Amino acid sequence: SQGAYLPSSGDFFTGAHMNMNVGALAKITEKHSIFALYGLNFAGQAFRFQDTSEFDSKDLSHSFNFEYRWQVLDFLRLRPSAAYGFNLTRTAANEIWGEGLYDSKSVGGGLAVDYNFGLFGKDATLTANWIYRQIKFPNYTDIIREFQGTDAQTELAGGLKDQKLSEYGAMLSWNRIFARFRT
């Protein structure tokens with residue numbers, strides 16, 4: 001999507017948002033498949049030169065997910081996965097792509113188990129999953145620490161916002177209805 005505000009006088013504004021996902025599911029054998037997914041997302045100002053005095057933040061992210069699907073039994077499927085992603089964020093006019101304060105990289109994996117069964121004459125699936133991500137912010141520094149006693153000899157290290165995330169979930173789907181719990 002693209003939007004623009006062009007007043008008869010004063011500054012104009014343009015904004016853009018793009019979200020795209022491309023995936024492929026390849027069946028290797030009757031019980032083994034591989035699923036790959038690439039995601040691209042952009043949000044921010046459009047048609048504005050980098051050295052313009054007016055600036056609005058921009059965000060660009062790429063994500064790569066790979067999942068191996070193994071149909072262990074007719075009613076049981078295992079889905080181990082791996083994921084990698086990076087996010088480039090410009091929050092100020094003088095930030096450079098790849099060196100932004102809030103740029104991040106994410107690495108992780110997960111495991112999902114699908115249990116298929118019948119419920120009131122319709123097919124149902126109960127899925128339990130676990131996802132783990134390690135998110136690093138290599139350029140993030142605390143501006144308060146910079147002003148509170150950091151001398152010229154001390155090099156400020158990034159990574160103060162690094163996080164480890166674990167998510168546990170369960171989902172029940174039946175007859176085009178689903179319920180999901182995540183924590």
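1. Thr125 and its surroundings. Beyond its neighbours within four places in sequence, Thr125 is in contact with Asp114, Tyr115, Asn116, Phe117, Met171, Leu172 and Ser173. Contact here means heavy atoms within 4.5 Å. Thr125 belongs to strand 7, residues 122-136. Strands are DSSP runs of E, at least two residues, numbered from the N terminus. The side chain of Thr125 also makes a polar contact of 2.8 Å with that of Asn116. A polar contact is a pair of N or O atoms within 3.5 Å; within protein, one must be able to donate a hydrogen and the other to accept it, and residues adjacent in sequence count only if both atoms are side-chain atoms.

2. Basis of the note. This is a predicted model, in which local features need pLDDT of at least 70 and side-chain atom pairs count only at pLDDT 80 or more, while totals for chains, interfaces and linings use all residues. Residues are numbered from 1 along each chain as its sequence is written, and side-chain values use heavy atoms, with hydrogens and water left out.

3. Strand pairing around strand 7. Strand 6 and strand 7 run antiparallel and share 15 bridges. Two strands pair if DSSP finds at least two bridges between them. Tyr115 sits opposite Leu126 of strand 7. The hairpin of strand 6 and strand 7 has two residues between the strands, and Phe120 in the turn shows a positive phi of about 55°. Strand 7 is also joined to strand 8, antiparallel, by twelve bridges. There, Asn129 faces Gly169 of strand 8.

4. Gly108. This glycine is in strand 6, residues 104-119. Gly108 is buried, at 18% relative accessible area. The classes are: buried under 20%, exposed over 50%, partly exposed in between, with a 1.4 Å probe and protein chains only. Leaving out residues up to four places away in sequence, Gly108 touches Ser81, Ala82, Ala83, Tyr132 and Arg133.

5. Aromatic pairs. Rings of Phe, Tyr and Trp (its six-membered ring) pair if their centres lie within 6.5 Å; planes under 30 degrees apart are stacked, over 60 edge-to-face, and the rest tilted. The count is seven aromatic pairs. Phe64 and Tyr84 are stacked because their ring centres are 6.4 Å apart and their planes meet at 20°. This pair links distant parts of the chain, 20 residues apart: Phe64 is in strand 4 (residues 58-73), Tyr84 in strand 5 (residues 76-90). Tyr84 and Phe86 are tilted, with centres 6.3 Å apart and planes at 50°.

6. The cluster. Which residues form one aromatic cluster? They are Tyr38, Phe64, Tyr84 and Phe86. Phe64 is partly exposed at 28% relative accessibility. Tyr84 is partly exposed at 36%. Phe86 is partly exposed at 25%.

7. A charge over a ring. Arg69 lies over the face of Phe35, 4.9 Å from the ring centre. The rule asks for NZ of Lys or CZ of Arg within 6 Å of the ring centre and within 35 degrees of the ring normal.

8. Positive phi in a loop. Asn175 is not a glycine, yet has a positive phi of about 50°. Asn175 is in the loop between strand 8 (163-174) and strand 9 (177-182). Arg176 is in the loop between strand 8 and strand 9. Arg176, not a glycine either, has a positive phi of about 65°. Buried or exposed: which is Arg176? Arg176 is exposed, at 88% relative accessibility. Asn175 is partly exposed, at 36%.

How values were computed. Helix = DSSP H or I, 4+ residues; strand = E, 2+ residues; numbered from the N terminus.
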